[in-house]
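Reader: Hey, I'm new to this one. Can you walk me through it?
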Amino acid sequence: QQMTLLEHHSKNIEKMRRKHANNKHLEARDHAKQKSTIFEILSSSSQSQGKSLRAFRPKKRKTKSEVTLRSLDCTEISGQDGYLYSIATSDAMTFCYIISLANQQTNLTLSVREASSPKPPVSSCSYSITACSCAEDSCTTECSSSDVTICGGGAAAPMPSIALSSWQARVEVTLPDSSSFICATWGAGSCPTRPSAPTVRLVDSTVTTSCNDEIENFFVDLELKTSTSGAKIAYVITKCTDTLGSATPTCESQPSCTTGPFYASPKFVTVFYEDADLTGTLVTVLAIACSGTLPSATFSRLQICLYPPPFVSATFRVVQEANQTFDSNSSFSWLQSALSAALQEDKNRITLSSALLSQTSDSSSLPVADVTIQLFTSSNIEVVDLNTNFQAALPSLLSGYTSAFPHTSFSLQSSSISSQLQTSYWYEPCFTHYDCPDGGFCYQVDGYDFGICTECSFCVVDRRDAFNGVCPQDKCPGSGGYPECVDASKVLSYLNTNCKDNHDFEVWKYAPKGQTPSVIPAFQPKVRELTPYNRMVGGIVISQRRRIGEDCSHGIKKPDVKVFTQSAKEGVMCPSEQGYDAKPFGYDATFMSFSSIYDGKMRAEMFYGPSERHTVNGSDGSSTLSFPKGFFPHQYDSSWLDTNLDGSLSQEELAKDKGNTTAREKDGKYVHAQDIDSFKLFFDERLTQKQAQAMVTFAKDGKFLDAQTQELHVEMVTFNAVKNVFLYLDISFSWETSGKIPWNYNIKTISFDRILYPSAVQVFLMVLVILFLVINCALEIMDILVQARKFALHEYFADLFNWVDLLHFAFMWGTIVTWAVHREEVLGLTLQPNYPILFYGPKYDNSTKTRRELRFGRRTFEAPLSATKPATARMFRTDNQAEFDFLSLIHTMQRISSTMQVFSFFAGVSVVLFVLRML
């Protein structure tokens, strides 16, 4: 756009020189100031844009009352046949034309073909055309009131005309307001048809146009298109304000069909606004269709909200040797293409900020151009990476320019990063220096992949203090530069050579001499009691199974009822019998603004990969990442992306999930077959009341229970050390299709010592019972054999009490077998010292991570995000091994409870049958 503007000004200069070629004094002055004139044009064209929107703003045409019209203000039109078309863009505008016929022997006759018909203003004319023959070639003399004038009232007369006795004339057209226009022709000329207004369309329909939305637009892709064949498009990006009493907003600039720049239809553009506010700035895209200089009747408008994109600014100095002329067009085009190829960036994000011409201060007086290029991005991390790549590509860029433009020297004057995206405050986590407030930088925290924002005075040693190893001079001028270790050899060289160089000393703190100090004490398990003396083991687990939904309308035959069922947005869903739904669902309430645990400072990509987030599909087939999913099935490995298990995802770890929508399952050794396709929430013993309440809010606001829930189990295990008894509790809920939600519970107490370590009396009695049972069975078998020898078995089996005896023996043996099975299950139970099920939280032993306490005044630094700290998001993420161990405990308790029930059944029936035998 700037290059088009420079060409326009250059043409006007050449035109002025041709007109005044016979004035030698003026020609000599033009020759002396040729370089300075080019410099003024380039300087004014670049400064007119400055840091404004990326669009050319045409100047408002001055009216006759404001300035005397000169030959430079008049549009020259040559030809035997032609037309002039004047359209007012503001009130009381005057246009000037100089018309020259090709045949100088023909007189000019000007006829009005089309004109608007507004109500006449205070004067008698709603528009006027004044024409006068040129007395000299330059036509510098204005027309007077005595010259021929067409005055239009409410409406023009049919084809009013002006006949002049000359082949060359000066024509002045005055229009009253912005809605008026006029077209006049001469010879065989005819008025052209105005093109239709263009359309301005968002390429991505999901882009938000309001600054109240959570999604921030740094770049917006637009399509500009007109239906008029051969018409070009001119557009500007500007700011508009509503005017009281006017239906049309007032804009800072408008597109023009005379100054351009012009683009073929369709035109795809990338829009951004470097001066936008952090809260977003509403800008307007104004577009107009142009057939030549004839614009469409109306503008097309589209209002969008833009945020300030970070950018790298680089200023290059070009010195033209051998007195060559600086070509800003080709220079910028080469730089734009070279940077785009080297950095793999979109050309639309590389712009020319300014191109200022001057001269060298030495006697050579060579032309010098300072060209400033800006490279825009959408985040602080991207702009830092872009600046790193730019510095790496700089040597090849400098050598390539001099190869492409011989007789030039090319050097980098300065480069810097500009960003308004200060997303972190003091002592909060950061990933670049530009996340921090003014006067601050990102301090390196040992052992973590993020830093914290603190004052510039703390950046002393670059590699030790700065997050990226370099103190930012643009944010903290004069910081850094000190070595990590100061060499004191020069100081010691002045001391007496007999002075000792080394002095042995010891400093011991936190532990006795010779022992390893424990700065971070070991985490002590908390005693969580469900009721007095009944301590919770591990934690509480909530398990859910979800039914697959299918459309209920298939089973409804009555048409009106079927239509009513399908009238809802997604219809009414019925439970399927095809198994359980294992797809992740719900939301992480930490990122939901309505939730009480919402934290706007957290970023979803720190905890979730792209495949672990919901997507919003656009009408054009594109998809945008949305809120993270909250709940995953038991077999899903929530740590598959976090390879270093530090609790947060780095860019390298996130890259593994690009384009991947398939779930990642755990290793089979960590999966229980009976828990596949179930969704589990764990509350372990390390949680405080506040943390547990936050996790309950997470489950509630994240929609853990919904229409697909089929059954829910709440399970826990407690131990009473006073009675040496374990308790297993299972509370279950079932969602029936009738709408009823019945519930039930199962409580079992288990005394392991009585089973595993019986007393001598118990062992004696058990052996005695088994011995008597064997004797009784032997006697009964002998009795059966005796009856068989007598061929009297029918009499034996006809006796009811014989059946009671046999049944009693069977249940007695069943009691012994089920007791043995029950004891085997109890033997298989292994109780861990603790169950750190949740991934985030303090460990039971000293942390293996490197930590360092940094004090800023009275504040003590604590890592905001760490696997050894309570969760700030993704609260139900679990440790695979600890989860497997705890579920193994739960399943063992279930089996022990089941075998205890079977054993109790056989023992109870045996007692009843024994009583019957005694009667």
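Predicted model: local features only at pLDDT ≥ 70, side-chain atom pairs only at ≥ 80, totals over all residues.

Reader: OK, cysteines then. How many disulfides does a search of the whole structure find?
Author: The search finds 8 disulfides, a disulfide being a pair of cysteine sulfur atoms within 2.5 Å. One of them joins Cys-430 and Cys-442, with the sulfur atoms 2.0 Å apart. That pair links distant parts of the chain, with Cys-430 in strand β24 and Cys-442 in strand β25, 12 residues apart. Helices (H or I, at least four residues) and strands (E, at least two) are DSSP runs, numbered from the N terminus.

Reader: Why is the disulfide of Cys-430 and Cys-442 right-handed?
Author: Because the torsion about its S-S bond is about 100°. Cys-430 counts as buried, at 0% relative accessibility, and Cys-442 is buried at 0% as well.

Reader: What sort of sheet do β24 and β25 belong to?
Author: An open sheet of 3 strands, in the order β24-β26-β25, with antiparallel pairing. The edge strands are β24 (429–430) and β25 (440–444), each pairing on one side only. Two strands pair if DSSP finds at least two bridges between them, and 2 bridges join β24 to β26 (residues 451–455). Across that pairing, Pro-429 stands opposite Ile-452.

Reader: Switching topic: how many residues does the largest nonpolar core have?
Author: It has 41 residues, and Phe-631, Leu-681, Phe-704 and Phe-876 are among those with the most contacts inside it. A nonpolar core is a set of buried Ala, Val, Leu, Ile, Met, Phe, Trp, Tyr and Cys residues joined through side-chain atoms within 4.5 Å. The elements giving two or more residues to this core include β28 (534–551), β32 (678–684) and α10 (689–701). Helix α15 gives the most to this core, with 6 residues.

Reader: What else is in α15?
Author: Ser-897 lies in α15, which covers residues 880–918. Ser-897 counts as buried, at 2% relative accessibility. Leaving aside neighbours within four places in sequence, Ser-897 is in contact (heavy atoms within 4.5 Å) with Tyr-728, Asn-746 and Lys-748.

Reader: And Phe-876, what is it in contact with?
Author: Again leaving aside neighbours within four places in sequence, its contacts include Phe-631, Leu-681, Phe-698 and Leu-838.

Reader: How many aromatic pairs does a search of the whole structure find?
Author: It finds 33. Rings of Phe, Tyr and Trp (its six-membered ring) pair if their centres lie within 6.5 Å; planes under 30 degrees apart count as stacked, over 60 as edge-to-face and the rest as tilted. Phe-698 and Phe-876 have ring centres 5.3 Å apart and planes at 75°, so the pair is edge-to-face. Phe-698 is in helix α10 and Phe-876 is in the loop between β37 (859–860) and α15, 178 residues apart. Both Phe-698 and Phe-876 are buried.

Reader: Are Phe-719 and Phe-726 buried or partly exposed?
Author: Phe-719 is partly exposed, with a relative accessible area of 23%, whereas Phe-726 is buried, at 7%.

Notes:
Residues numbered from 1 in each chain as written. Heavy atoms only, no water. Buried < 20%, exposed > 50% of the residue type's maximum accessible area, 1.4 Å probe, protein only.
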